[in-house]
Amino acid sequence: MTRLRKRVATRLKDSQNTFALLTTFNEVDMTNLMKLRADYKDAFVEKHGVKLGLMSGFVKAAVNALQHQPIVNAVIDGDDIIYRDYIDISVAVGTSKGLVVPVIRDAEKMNFADIEKEINNFAKKANNGTLSIDEMAGGTLTISNGGVYGSLLSTPIINPPQSAILGMHSIVSRPMVVGGEIVPRPMMYIALTYDHRLIDGREAVFFLRRIKDIIEDPRRLLLDI
């Protein structure tokens with residue numbers, strides 16, 4: 001085993017042994033976020049020099065959901081609950097040498113372009129093996145996108161010392177009932193695995209519903225509703 005693989009194995013087993021792991025699911029209609037991306041992708045690249053992906057939308061949605069459900073951004077420390085007043089989003093990146101999880105720090109202060117540039121930078125570093133330990137340390141919530149590999153559904157495992165992880169999956173065209181009619185829609189299952197010692201089902205479900213609401217109508221971010 002490589003040092004990286006041994007470290008990942010130890011951390012994930014510690015997570016399983018320590019946390020009361022529970023996963024809740026929802027599904028998201030990706031129509032509006034994908035239309036936003038299609039409408040503005042060329043202008044976005046021209047102005048910011050980086051492509052507009054779906055991950056920045058999910059990071060922004062996660063930041064908003066954490067602000068609505070701050071317990072998901074908290075952590076247990078002994079007999080205390082530590083509420084963090086910052087949001088650092090870890091983004092799981094698969095490489096040929098193993099999984100790495102660089103951290104987008106102070107994500108609540110960043111716009112779509114800032115997030116895309118940071119993700120792009122981390123992806124390059126991950127692939128050429130130049131990510132530093134500091135760039136992977138900390139984080140208050142992880143987002144893992146198994147969809148890029150074709151995963152339909154999963155129960156992601158928490159990345160200690162965080163209290164939750166959001167799982168994205170593949171986008172599949174499925175028949176949905178919209179306005180009383182059956183129409184094809186690009187749908188994604190999303191999952192939240194959380195530490196049930198700290199986070200109750202109610203908060204976890206509300207968190208995931210907030211993600212769903214924002215991804216299905218990104219205008220909510222603009223209007224802060």
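## The second largest pocket

In this predicted model, the second largest pocket holds about 320 Å³ of space. Two elements each give two or more residues to its lining: helix 2 (31-48) and helix 7 (219-223). Helix 2 provides the largest share, with five residues.

Among the lining residues you will find Asn32, Lys35, Asp39, Lys60, Phe112, Asp217 and Arg219.

## Helix 4

Helix 4 covers residues 112-128, and its end C-alpha atoms lie 25 Å apart; at 1.5 Å a residue, its 17 residues should span 24 Å, so the two values agree. At the start of the helix, a side-chain oxygen of Asn111 comes to within 3.1 Å of the backbone nitrogen of Ala113. After the helix comes Gly129, with a positive phi near 75 degrees.

Which residues of helix 4 are buried? They are Ala113, Ile115, Glu116, Ile119, Phe122 and Ala126. Their cover includes helix 2, helix 3 (55-68) and helix 5, along with strand 5 (93-95), strand 6 (98-100) and strand 7 (103-104). As a reminder, an α-helix has 3.6 residues a turn, so residues three or four places apart point the same way.

## Thr140

Now to a loop: Thr140 sits between helix 5 (133-136) and strand 8 (141-145). Is Thr140 buried or exposed? Its relative accessible area is 0%, so Thr140 is buried.

The side chain of Thr140 makes a polar contact of 2.7 Å with the side chain of Asn73. Leaving aside neighbours within four places in sequence, Thr140 is in contact with Asn73 and also with Val72, Arg84, Tyr86, Ile87, Asp88 and Gln162.

Note on methods
Residues are numbered from 1 along each chain as its sequence is written. This is a predicted model: local features need pLDDT of at least 70, side-chain atom pairs count only at pLDDT 80 or more; totals for chains, interfaces and linings use all residues. Side-chain values use heavy atoms; hydrogens and water are left out. On a 1 Å grid over the protein atoms alone, a cavity is a set of points where a 1.4 Å probe fits but cannot get out, and a pocket is an open set with protein on both sides within 12 Å along at least five of seven lines; lining residues have an atom within 4 Å of a point. Grid points are joined across faces, edges and corners, and a volume is the space filled by probe spheres set on the points. Helices (H or I, at least four residues) and strands (E, at least two) are DSSP runs, numbered from the N terminus. Buried means under 20% relative accessible area, exposed over 50%, partly exposed in between (1.4 Å probe, protein chains only). A polar contact is a pair of N or O atoms within 3.5 Å; within protein, one must be able to donate a hydrogen and the other to accept it, and residues adjacent in sequence count only if both atoms are side-chain atoms. Contact means heavy atoms within 4.5 Å. The expected span of a helix is 1.5 Å times one less than its number of residues.
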